[in-house]
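Reader: I am new to this structure, and I would like to learn how to read it feature by feature. Could you take me through it slowly?

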Amino acid sequence: MALYRNGSFVADDPWRILGADEALPAEGPVALPKARFIAERDGLAGRNAPLGVVIEAGEGHDGLEDDINRLSLVVLTFPKYTDGRNYSTARILRERFGYRGELRAIGNVLRDQLRFMLRCGFDALEITHEGTIAALRDGRINLVSLHYQPASRDEAAPPTAGGHPWRRSSAGRL
């Protein structure tokens, strides 16, 4: 597994992504499965470390509406290449709830998906596919930063790119 964040691979990831039954460490940033986070919400309120949540494909954001601003990391899973349900969850978190923390994709993340993930608001990708890792390391994947069609309501607002309302930028992501 390789973590790709902000245009490069990073060696150290401070986050521990815990399973449903793993013991909660006393300190350090942790991400919990959504159901566990909701069940332990009150006990986690006093925790003095960054918190994150893991949302499986198909779970959606339901039940997290009041907690979005206290989360430092949201992990969205992609169990297989053809399962795109968490693209919608990513867009909803960014646009409707204004989520500004790290949005991370894990699972079956392949090179053909990277441009779409970027447009949906992902900041980081956990990549296990060796071909995708090699292509990113070798600079063989060109991520598009200018788009002719808006990707969100925010982009459809006043002209931005030098007076060209049809040209939008997604630079600065991923």
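**Reading the fold and its charged pairs**

Author: Let us begin with the elements: the protein chain has five helices and ten strands, and it should be kept in mind that this is a predicted model.

Reader: What share of the 174 residues is buried?

Author: Buried residues make up 44% of the 174 residues in the protein chain, while the chain exposes about 9,200 Å², of which carbon and sulfur atoms supply 49%. Among contacts between residues at least 6 apart in sequence, 49% join residues at least 24 apart.

Reader: In what order do the strands of the open sheet lie?

Author: As a general idea, strands of a sheet pair through backbone hydrogen bonds, either parallel or antiparallel. Here eight strands form an open sheet with mixed pairing, and their order is β2-β1-β8-β7-β6-β5-β4-β3. Because β2 (8-10) and β3 (16-17) stand at the edges with a single partner strand each, one side of each is left without a neighbour in the sheet.

Reader: Which helix packs on the sheet, and which strands does it touch?

Author: Helix α3 (residues 85-95) packs on the sheet, where it touches β5, β6 (71-78) and β7 (102-107), and its direction makes about 160 degrees with that of β6.

Reader: In what sense do strand β4 and strand β5 pair?

Author: Strand β4 (residues 30-33) and strand β5 (residues 51-55) pair in the parallel sense, over four bridges, and A31 stands opposite G52 in β5.

Reader: How many salt bridges does the count give?

Author: The general idea is that side chains of opposite charge can pair when their charged atoms come close. In this structure the count comes to 13 salt bridges. One of them joins the side chains of R36 and E40, at 3.0 Å from N to O.

Reader: Is R36 buried or exposed?

Author: R36 has a relative accessible area of 11%, and it is therefore buried, since buried means under 20%.

Reader: What are the accessibilities of R70 and D67?

Author: The side chains of R70 and D67 meet in a salt bridge at 3.4 Å, N to O; R70 is partly exposed, with a relative accessible area of 30%, whereas D67 counts as buried at 5% relative accessibility.

Reader: Which residues are linked in a network of salt bridges?

Author: The network links R5, D13, E102, R104 and E126. Within this group, E102 forms a salt bridge with R104, with the closest N and O atoms 2.9 Å apart, and both E102 and R104 are buried.

Note on methods. Residues numbered from 1 in each chain as written. Predicted model: local features only at pLDDT ≥ 70, side-chain atom pairs only at ≥ 80, totals over all residues. Heavy atoms only, no water. Helix = DSSP H or I, 4+ residues; strand = E, 2+ residues; numbered from the N terminus. Buried < 20%, exposed > 50% of the residue type's maximum accessible area, 1.4 Å probe, protein only. Contact = heavy atoms within 4.5 Å. Areas by Shrake-Rupley, 256 points an atom, 1.4 Å probe, with all protein chains shown as cover. Salt bridge = Lys/Arg side-chain N within 4 Å of Asp/Glu carboxyl O. Pairing = 2+ DSSP bridges. Axes fitted to C-alpha atoms, helices over the stretch in contact; angles between N-to-C directions.
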